[in-house]
Amino acid sequence: MQSVSESYDVLKNVGGLSNTKLVETFDEWNKGKLESFLIEITNDIFKVKDEHGEGDCFAQDMMAVIEEVDQPIETQVIYENEANAMEKCNEGKGKDESILGKVFDTPDDAYTFYNDYAFLHGFGIRIDTTFKHKTTKEPYRKIYVCDKEGFKRLDDNASSGIEKKRRREVRIGCKAELRISKNKDGKWFVDSFNDTHNHELSMTPTKVMEHRSHAKFHRLTECKSLMVDLGQAGLKPCQVRKAINAMKTSTVADVTSKQCVDVLSEQRKQYKGKEFYGLIKHFQDKALVDNDQYFTVDLCNDGSPKNIFWANGRSRDAYTKFSDVVVFDVTYMTNKFKMPFAPFVGVNHHGQSILFGGALLENEKEETFEWLFENFLKCMFGKYPKAIITDQDKAMGNAIKKVFPNTQHRFCAWHIKKHENEHIKTYVSSYSDFKESYTKWVNSDTIEEFETRWEVMCDKYRLQNNCWISDMYNQRIHWAKAFLKDVFLAGMTTSGRSESINSFFDGFVNSKTMLNEFVMQYDKAVESRRAAEEDEDFKTMNSRPILSSLHPIEEKAGECYTRKIFDMFKKEWTEATSNLTHETIIKGTEEIKYRVGQLKVEKTYWRTVTFRFSNEVSVTCSCSKYETCGILCKHCLYVMKKRHVETLPSHYILHRWTLNARYTVGNSRIGLEEINNENEVSAYTLWCVRSNFAKLIEQARDSPLEIQKLNNLLISLLDDQANRKKPIANESQDSCARILQVDMVHQLSVRDPLGPINTKGRPRVASRIKSSLEAPKKRTCSYCQRLGHYATSCSKRKEDESMQEKEG
């Protein structure tokens with residue numbers, strides 16, 4: 001049988017027929033009209049050849065060609081990246097003789113050849129069996145088969161009574177295979193080949209590429225590297241799939257999420273048993289570029305980590321400015337070893353959440369929290385937080401009392417509300433006015449009101465001494481508003497900021513995230529927070545506030561406060577200038593008291609404002625907004641405007657809410673705000689001096705003369721210190737320097753944690769537990785208005801419909 005190219009050559013080599021005629025001929029051939037056109041062409045050639053006396057002989061040859069030509073074949077579009085594979089396999093296509101005995105250097109070459117052959121013929125392949133020598137264990141024979149070879153094994157689950165959901169059958173017993181064996185010279189040759197299939201073959205490249213053996217793109221080194229990079233950047237497998245498929249060409253099959261998972265899992269295997277060592281290496285590398293990096297770990301006797309705490313230099317710098325309130329939460333445990341993640345979170349000058357440090361803990365026992373708080377205090381130069389917000393964990397509370405004795409501990413209001421709705425139900429159902437009395441007691445403005453209302457509640461509602469409400473009364477200094485009116489909390493009452501940090505990690509980590517990956521994602525969270533802070537700094541510096549009035553108080557606030565904080569102030573100022581009124585309570589020579597509120601609101605809810613006559617403006621309000629949030633309330637602003645105060649007093653503008661609190665590099669000096677003892681210099685002071693010295697070197701590095709002056713000054717100071725002969729400072733003062741408290745001499749004994757430990761932690765689903773207020777509503781039927789079902793399953797509706805059908 002003549003091939004297409006051979007027939008083309010026969011016609012082309014015969015004189016008297018143009019190339020244009022040949023092109024037209026083969027266009028018609030592809031339409032299935034070869035035979036008639038060959039006869040027509042032959043007749044044309046007869047006329048030409050008769051002139052030369054060769055027509056009869058040529059006619060016989062052409063008729064023989066026509067008789068042997070098969071029916072027209074169906075053409076397929078072959079993509080450019082498969083052209084080479086077609087050329088390799090074109091020689092032996094359809095001929096067992098050309099494949100049998102074919103020699104390959106490696107089994108991989110044979111696999112590639114057979115896979116390319118399978119692509120051209122419309123099926124996929126897989127490795128079936130590898131034969132090895134009993135002694136040397138070296139392979140000497142391999143069998144590659146069609147991917148539909150054999151049959152799926154059937155598991156006998158009848159005895160257990162468990163029915164498994166079975167997938168559709170793929171293997172149908174196809175016999176097609178290619179077997180290769182190894183020669184004495186190390187070459188591989190095909191000694192058996194069967195090309196008989198018992199199923200239909202795919203006829204288009206797009207369908208053939210769906211076979212697993214032809215989906216090669218995800219196995220390429222470049223694609224794997226991209227997957228790993230995207231995975232380390234925090235993308236989920238499904239997101240990695242979308243990104244890669246958006247970048248690839250249409251000539252290759254799409255990458256699946258399963259393929260991404262397999263590649264990422266394979267990459268993680270190289271760190272198996274080395275995660276903790278990788279974590280240490282990560283912090284050591286960071287310490288090379290950050291002199292203030294702090295890292296400490298508590299090791300077990302066998303070298304496995306129990307607790308880990310770390311903080312970088314910029315976080316430590318931020319703590320010196322915003323240490324007035326810290327939020328601490330231990331409800332996040334999304335990592336491979338289920339170690340609870342404990343971030344220390346604060347609030348910056350824009351009201352944004354910032355990270356002071358992070359920790360991975362072994363458990364949630366009191367001694368664990370003590371270790372963590374002690375190292376946090378050591379890291380932060382011995383500077384205690386003024387207030388800390390946590391949940392009601394007893395072990396955590398006891399540790400705070402021991403390590404932070406002078407810190408005000410506040411319970412998270414959200415957690416209290418959650419427990420409140422669970423424990424007061426019985427009293428609400430028994431007493432119709434209990435809810436109102438309880439709310440007034442909780443919202444008492446003064447300690448006297450709080451105590452008086454408590455006594456009334458105990459007598460009226462017969463509260464038991466061991467009930468939840470009495471327990472909360474015993475812990476009233478940690479949550480009651482009356483006891484926290486003078487505590488600055490930056491406007492926070494819950495640990496929601498810590499949970500918002502946790503929510504960031506939900507998009508980047510999962511239950512299989514390794515320790516070294518987790519700390520990298522922590523760094524990404526820190527960087528994202530810093531980027532948001534720098535963005536707000538830029539917007540504040542490059543914009544001017546829109547004032548609602550021409551009053552100097554608002555103008556001064558607009559000049560000093562950051563953009564977000566001024567918006568909060570402006571809201572209070574607008575209320576003060578438009579919606580409030582007052583009445584005078586007491587008018588004296590030293591002070592005057594007003595009751596300030598809205599006309600439409602009962603006077604019992606008005607606030608008491610005290611204005612004192614002194615050298616500087618002094619005003620206080622019973623709402624205590626300035627004391628807890630650092631911004632004057634609308635009631636105070638109303639009285640200041642009424643008393644014709646010319647501008648906003650500087651002592652009412654907290655430095656932490658101004659742009660001067662932003663992070664700067666080399667442009668500002670760090671002041672020595674700590675009071676040192678006579679015999680000891682605090683760690684914070686040492687850190688300030690060292691930071692100023694580093695900034696001085698950075699500023700003078702472009703001038704050899706300035707560096708020489710600095711060096712001469714240092715030599716003079718060193719001589720003075722030598723004359724003093726003062727003993728070397730205590731080792732405890734070295735906490736301001738870079739700290740890596742891991743004994744790296746015993747590197748071989750450092751090992752990963754033993755495994756997950758049951759802790760209170762976080763629920764399996766990576767989201768906070770919803771209270772009854774946030775719980776979804778119960779199902780209500782729209783037909784019968786009853787609870788517990790929808791209209792689609794309403795029995796009453798079905799009965800009514802059946803009755804209507806009968807009546808109809």
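Y319 and F356 are both buried in this predicted model. Their ring centres lie 5.3 Å apart with planes at 90°, so the pair is edge-to-face. Y319 belongs to helix α13 (residues 313-322) and F356 to strand β10 (residues 353-360), so the pair ties together parts 37 residues apart in sequence. Across the whole structure, a search finds 42 aromatic pairs.

**Aromatic cluster**

- Ring pairs join Y294, F309, Y319, F328, F344, F356, F369, F373, F376, Y384 and F404 into a cluster.
- Y319 and F356 are among its members.
- F369 and F373 belong to the cluster too.

**A pair within helix α14**

- F369 and F373 both sit in helix α14 (residues 366-379).
- They are four residues apart, about one turn of the helix.
- The ring centres of F369 and F373 are 6.2 Å apart and the planes meet at 20°, so this pair is stacked.
- F369 has 0% relative accessibility and therefore counts as buried.
- F373, at 0% relative accessibility, also counts as buried.

**Charges over rings**

- R476 places its charged end over the ring of Y473, 4.1 Å from the ring centre.
- The charged end of R656 sits over the ring of W657, with 4.6 Å to the centre of that ring.

**Packing of helices α12 and α22**

- Two packed helices are described by the angle between their axes and the distance between the axes.
- Helix α12 (residues 275-289) packs with helix α22 (residues 515-541) at an angle of about 35°.
- The axes of α12 and α22 are 7 Å apart.
- From α12, the contact is made by E275, G278, L279, H282, F283 and K286.
- From α22, the contact is made by L515, N516, V519, M520 and D523.
- By type, the residues of this contact divide into five nonpolar, three polar and three charged.

- L710 is found in helix α28 (residues 704-724).
- Its relative accessible area is 11%, under the 20% limit, so L710 is buried.
- Leaving aside neighbours within four places in sequence, L710 is in contact with F693, L696 and I697.
- I697 is 13 residues from L710 along the chain, and the C-alpha atoms of the two are separated by 8.3 Å.

Key:
Residues numbered from 1 in each chain as written. Predicted model: local features only at pLDDT ≥ 70, side-chain atom pairs only at ≥ 80, totals over all residues. Heavy atoms only, no water. Phe/Tyr/Trp six-rings, centres within 6.5 Å; stacked < 30°, edge-to-face > 60°. Helix = DSSP H or I, 4+ residues; strand = E, 2+ residues; numbered from the N terminus. Buried < 20%, exposed > 50% of the residue type's maximum accessible area, 1.4 Å probe, protein only. Lys NZ or Arg CZ within 6 Å of the ring centre and 35° of its normal. Axes fitted to C-alpha atoms, helices over the stretch in contact; angles between N-to-C directions. Contact = heavy atoms within 4.5 Å. Nonpolar A, V, L, I, M, F, W, Y, C, P; charged D, E, K, R; others polar.
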